Amino acid sequence: EAIVIDPGDDISQVVALLEKHQLTVKQIAITHAHIDHVSGLVDPEGKAYFPNADIVMHTAEAGFWLNAENEAKASDKSGFVTARTALAPYEGRITTLADGAEGAPGVSCVHLPGHTPGTISSVFQVKDNGTTHTVALWGGAGLNADKASVENYIKAAQRFSGIAKQAGADIILANHTDWDGSKVNLPALAK
């Protein structure tokens, strides 16, 4: 079984990796509901790529993007349409989490608004050849133009830095691997 985080633009690579390792997706964690994080939830016909998987996301994220009043007030409705379309096939299987809740056993949900109202980051452990590592996954890379969002983003980054340090994280990841260079650096480190 596997947990997939933010199945977005690279869904074909995700599916290939799952098939290669003969893994079934049990759960999908959404750090935030932007198109590049949720577009891989559905195929071009709008059907669930992972029909047996449950979705976890922060309560504020679902409450923002799936709220008709928020959409009606927005000048650009595309983000709302994307989130609603991507999540629709999973109706009844979406669990919303509060700050500090476990999205899966041993995977903490840290609410860090700023990039979006319900962005989450996580801390969890992985094993590599018998060695346990603590991973801190930053869930929302990118600043919005308004002052309140920037201030929230800065507070979120400072808070998560402290959480990662306290947890003893020895692996720091972000969900935009093109932006932080990890798409190139991580395979090089694995050699």
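Predicted model: local features only at pLDDT ≥ 70, side-chain atom pairs only at ≥ 80, totals over all residues.
**Entry 1: W138 and Y153**

I then checked their rings. W138 and Y153 form an aromatic pair of the edge-to-face kind, with 5.6 Å centre to centre and 90° between the planes. I count that as edge-to-face because the planes are over 60 degrees apart. Where do the two partners sit? W138 belongs to strand β9 and Y153 to helix α6, 15 residues apart, and the pair links distant parts of the chain.

**Entry 2: Helix α6**

Which residues of α6 are buried? I listed S149, Y153, A156, F160 and A164. Seen down the axis of α6, these buried residues fall within an arc of 65°, so they line one face of the helix. I reminded myself of the general rule: an α-helix has 3.6 residues a turn, so residues three or four places apart point the same way.

What do the buried residues of α6 pack against? I found β7 (110-111), β8 (120-128), β9 (131-138) and β10 (171-174). Then I turned to the face of α6 pointing away from the buried side. That face carries the exposed residues K147, K155, Q158, K165 and Q166. Just after α6, I noted G168, which takes a positive phi of about 75°.

I picked Y49 and F50 next. Their ring centres are 6.3 Å apart and their planes lie at 45°, so this pair is tilted. Is each residue buried or exposed? Y49 is partly exposed, with a relative accessible area of 34%. F50 is buried, with a relative accessible area of 7%. I also wrote down one aromatic cluster, formed by F64, W65 and F80.

**Entry 3: The open sheet**

I moved on to a sheet. It is an open sheet of 4 strands, in the order β1-β2-β3-β4, with parallel pairing. Which strands are at the edges? They are β1 (2-5) and β4 (94-97), and each pairs on one side only. From one strand to the next, the twist averages 25°.

I found M57 standing opposite T96 in β4.

Key: Residues numbered from 1 in each chain as written. Heavy atoms only, no water. Buried < 20%, exposed > 50% of the residue type's maximum accessible area, 1.4 Å probe, protein only. Helix = DSSP H or I, 4+ residues; strand = E, 2+ residues; numbered from the N terminus. Arc of directions from axis to C-beta. Contact = heavy atoms within 4.5 Å. Phe/Tyr/Trp six-rings, centres within 6.5 Å; stacked < 30°, edge-to-face > 60°. Pairing = 2+ DSSP bridges. Axes fitted to C-alpha atoms, helices over the stretch in contact; angles between N-to-C directions.
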